Amino acid sequence: MTLTLEKSSHSTLTLTVNGEKHSFMLGEGPHEVASSHTLAHTLRERLGLTGTKISCDNGACGCCTVLINGKAVQSCMLLTVECEEKEITTIEGLGDPVTNVIDPLQQSFIDHTAFQCGFCTPGIIMSAKALLNENPSPTRDEVKEALSGNFCRCISHYHVLDAVMAAAKKGGNQ
Amino acid sequence: MKLFAHVNAYSVDETIKLLAKYEGTAKLNAGGTDLLGVLKNRILPNYPEVIINIKSIPGLNTIEEDEEGINIGTLTTLADIIASPVIEKNYSLLKEAAGTVASPQIRNIATIGGNLCQDTRCWYYRYPDEVGGMIKCFRKGGKTCPAVSGENQYHAIMGAKKCFAVCPSDTAIALIALGATLTIAGAEGTRTLPVEEFYTPLGSVLNSGEMIAAIYIPKPSSVAGQRFLKFTLRKPIDFAIVSVASIITHDQGVCFDARIVLGAVAPTPVRALKAEEFLKGKELSEEIAAEAAGLAMAEAKPLSKNAYKLEIAKTLVKRLVMGLT
Ligand SMILES: Cc1cc2nc3c(=O)[nH]c(=O)nc-3n(C[C@@H](O)[C@@H](O)[C@H](O)COP(=O)(O)OP(=O)(O)OC[C@H]3O[C@@H](n4cnc5c(N)ncnc54)[C@H](O)[C@@H]3O)c2cc1C
Ligand code: SF4
Ligand code: FES
Ligand code: FES
């Protein structure tokens, strides 16, 4: 294993998550990040940011969606070591860090009861967030398209659409 | 995922040197949306020792246009291809194909080069090692193909001999219809190759010391109609059950040029040469379209559970020719 690591071209790693920098040693220890770790794993197991969920772990469900430089991506399909120098935003990074008031988009999900078990919700909110950042007043079809990579086993889709449309109408994308 | 060494490459030359240094034990990682699945499930007989990140190479994610065509860097994401005004205007076929791939999140990181080089999706081939051991089928150097007498509903209906897995790439058929060529870098320098000649029944002609650097598409005639159709059970996420791409030029209903390419019906993308030839000079009608569809699938020999794909393929070809959706 040491041999494997010696071949790697780097030994430390700095991630920027929700505006904060975190440095890691590259390795297999309990506080280290291994070259084979996915971003989803690192967020949950090293940074304790368990809002990001892992379900399929294969790029097919959207539960692990986070923003990288503002774009929605699936964190289970990214190697952590390839996420340096990128702005990573997780569900924990929404809302106001000073007042602790949640993001209007999150509030809209609550107001519309846009979830049942809630497992898919962080991923859906991050995909919706990416859409609203780019397109503050989307049509219903544009919302559907933007959320087409997010699956919900509880069939909350209709409420989700309402929640995102309502948030957009309120200009709730600050 | 099992551990590997991880190296960032900063140029094509460096990548080629690294590939030579690690002699077949290294794998390139572009977007990783295919590779990570392959690694997580340990489906390959030899797990790579080194992963070479090529996203760190600058300048390979651009779309450059000149009078004769466009050059797309291998690292260009599918999302960037879809958003490109140049591609929308003159190469809409590629935009349509890229737009049907996976989901918005995947398209944000998946690259065009990775799309062309992705491994097959045959579910025996992809069977995870941790669930009872990976399946060493013919494609992995084994002796048999469990799909022949097993669950073969998504497998090849033509052109297969020993491995019946299909080429899953949606962009490949669009690029072949557009007559695109690849720039491939290797230890002996670069070579160019039509995308049409890239695929082989068990993969591609790319050797383990090479990488795709760019894709060149000659500008199609502005009167040529470009179309892409893909049949799936669900709209997002699903791979094609059958996909078709075409460029058909006609003058007042009389066809004078046609290129038709089918995906997910055979181990490689298939050009429907007989149908293309047949269409030239014909006045396009429903009967002519049906006849062309029949010719496109003339050599089909479905397996036990996938004869339905034949009907889907014929219908899609017919719709292409008729300009229907
Ligand atoms: C849920 C899901 C759904 C999908 N649906 C579709 C679909 O509908 N249609 C479709 O076409 N695809 C689909 N895909 C496959 C998707 O992975 C590809 O479309 C994607 O474009 C691959 O690009 P990448 O950059 O992520 O490739 P990577 O995973 O980085 O690479 C794929 C392979 O190509 C090799 N490679 C990458 N770049 C180069 C290069 N420049 N030169 C040589 N070799 C290279 C890598 O070593 C690797 O073996 C899906 C994938 C998932 C996970
Ligand atoms: S179709 Fe090909 S990949 Fe699938 S099991 Fe048969 S030999 Fe293996
Ligand atoms: S857990 Fe990442 S897409 Fe399903
Ligand atoms: S609310 Fe349960 S999976 Fe979506």
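Phe231(B) is partly exposed, with a relative accessible area of 31%; buried means under 20%, exposed over 50% and partly exposed in between, using a 1.4 Å probe and the protein chains only. The model is predicted, so local features need pLDDT of at least 70 and side-chain atom pairs count only at pLDDT 80 or more, while totals for chains, interfaces and linings use all residues. Residues are numbered from 1 along each chain as its sequence is written, chains are lettered from A and ligands numbered from 1 in the order in which they are written, and side-chain values use heavy atoms, without hydrogens and water.

**Surface of chain B**

- Phe231(B) belongs to strand S11 (residues 225–231) of chain B; helices (H or I, at least four residues) and strands (E, at least two) are DSSP runs numbered from the N terminus.
- Together with Trp123(B), Tyr154(B) and Leu233(B), Phe231(B) forms a nonpolar surface patch with about 400 Å² of accessible area.
- Accessible areas come from the Shrake-Rupley method with a 1.4 Å probe, and for residues only the protein chains shown count as cover.

**Ligand 1**

- The site is shared between chains, because residues from chains A and B surround ligand 1.
- In total, 37 residues surround ligand 1, each having a heavy atom within 4 Å of it.
- By class, this shell has 17 nonpolar, 14 polar and six charged residues; Ala, Val, Leu, Ile, Met, Phe, Trp, Tyr, Cys and Pro count as nonpolar, Asp, Glu, Lys and Arg as charged, and the others, Gly among them, as polar.
- Helix H7(B) gives the largest share of the shell, four residues.
- A polar side-chain atom of Asn115(B) lies 2.6 Å from an oxygen atom of ligand 1, and a backbone N or O atom of Leu35(B) lies 2.7 Å from an oxygen atom of the ligand.
- The protein covers 96% of the 960 Å² of accessible area that ligand 1 has on its own.

**Helix H8 of chain B**

- Eight of the eight residues of helix H8 (residues 170–177) are buried, so the helix is largely enclosed by the rest of the structure.
- Just after H8(B), Gly179(B) takes a positive phi of about 70°.

Notes:
A polar contact is a pair of N or O atoms within 3.5 Å; within protein, one must be able to donate a hydrogen and the other to accept it, and residues adjacent in sequence count only if both atoms are side-chain atoms. Patches are made of residues with over 30% relative accessible area and no salt bridge: like charges are joined within 9 Å, nonpolar side chains (Val, Leu, Ile, Met, Phe, Trp, Tyr) within 5 Å. A salt bridge is a side-chain nitrogen of Lys or Arg within 4 Å of a carboxyl oxygen of Asp or Glu.
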